[in-house]
Amino acid sequence: MSDIGARLARALATAAATAGCPVDVVRSGWQRWASATFTGARHQLVLQAPPSDALDAWLGTLGEAEIALPGHLVADLHLDHVARGAERVEATLAVLTVETV
């Protein structure tokens, strides 16, 4: 699972680019997580991008988005915080991934 954080960051960047709003992942971290029946990781990522309608639309639907991560399932994804500036939007995401293999 050592590369799950990097794979999640790449998957989110790819999804944003496909939606017409390329983002930069400026910070990311994760820690192992387990319940009685599942194992996975809790992630926190900070994304930055220029303000745009496409970015607003992508962020607005991100919680329901299907993010492809072979061997893992994105079980929960939500925006923790969005800071808007004239030239940059910074979004902090909290994500829970669960191993499927």
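Which residue's side chain meets that of Arg84 in a salt bridge? The partner is Asp56, with N and O 2.8 Å apart. A salt bridge here is a side-chain nitrogen of Lys or Arg within 4 Å of a carboxyl oxygen of Asp or Glu. This is a predicted model, in which local features need pLDDT of at least 70 and side-chain atom pairs count only at pLDDT 80 or more, while totals for chains, interfaces and linings use all residues. Residues are numbered from 1 along each chain as its sequence is written, and side-chain values use heavy atoms, with hydrogens and water left out.

- Leaving aside residues up to four places away in sequence, Leu12 touches Leu45, Trp58, Leu62, Ile67, Leu77 and Leu93, where contact means heavy atoms within 4.5 Å.
- In soluble globular proteins, nonpolar side chains tend to be buried together.

**Salt bridges across the chain**

- Four salt bridges are found in a search of the whole structure.
- Arg88 pairs with Asp24, and their closest N and O atoms are 3.3 Å apart. Because Arg88 lies in the loop between S3 and S4 and Asp24 in strand S1 (residues 24-34), this pair ties together parts that are 64 residues apart in sequence.
- Arg32 and Glu99 form another salt bridge, at 3.9 Å from N to O. Arg32 belongs to strand S1 and Glu99 to strand S4, so the pair ties together parts that are 67 residues apart in sequence.
- The salt bridge of Arg84 and Asp56 links strand S3, which holds Arg84, to helix H2, which holds Asp56, across 28 residues.

**Exposure of the charged partners**

- Buried means under 20% relative accessible area, exposed over 50%, and partly exposed in between (1.4 Å probe, protein chains only).
- Arg84 is exposed at 54%, while Asp56 is partly exposed at 34%.
- Arg88 is partly exposed at 33%, and Asp24 is partly exposed at 44%.

Terms used:
Helix = DSSP H or I, 4+ residues; strand = E, 2+ residues; numbered from the N terminus.
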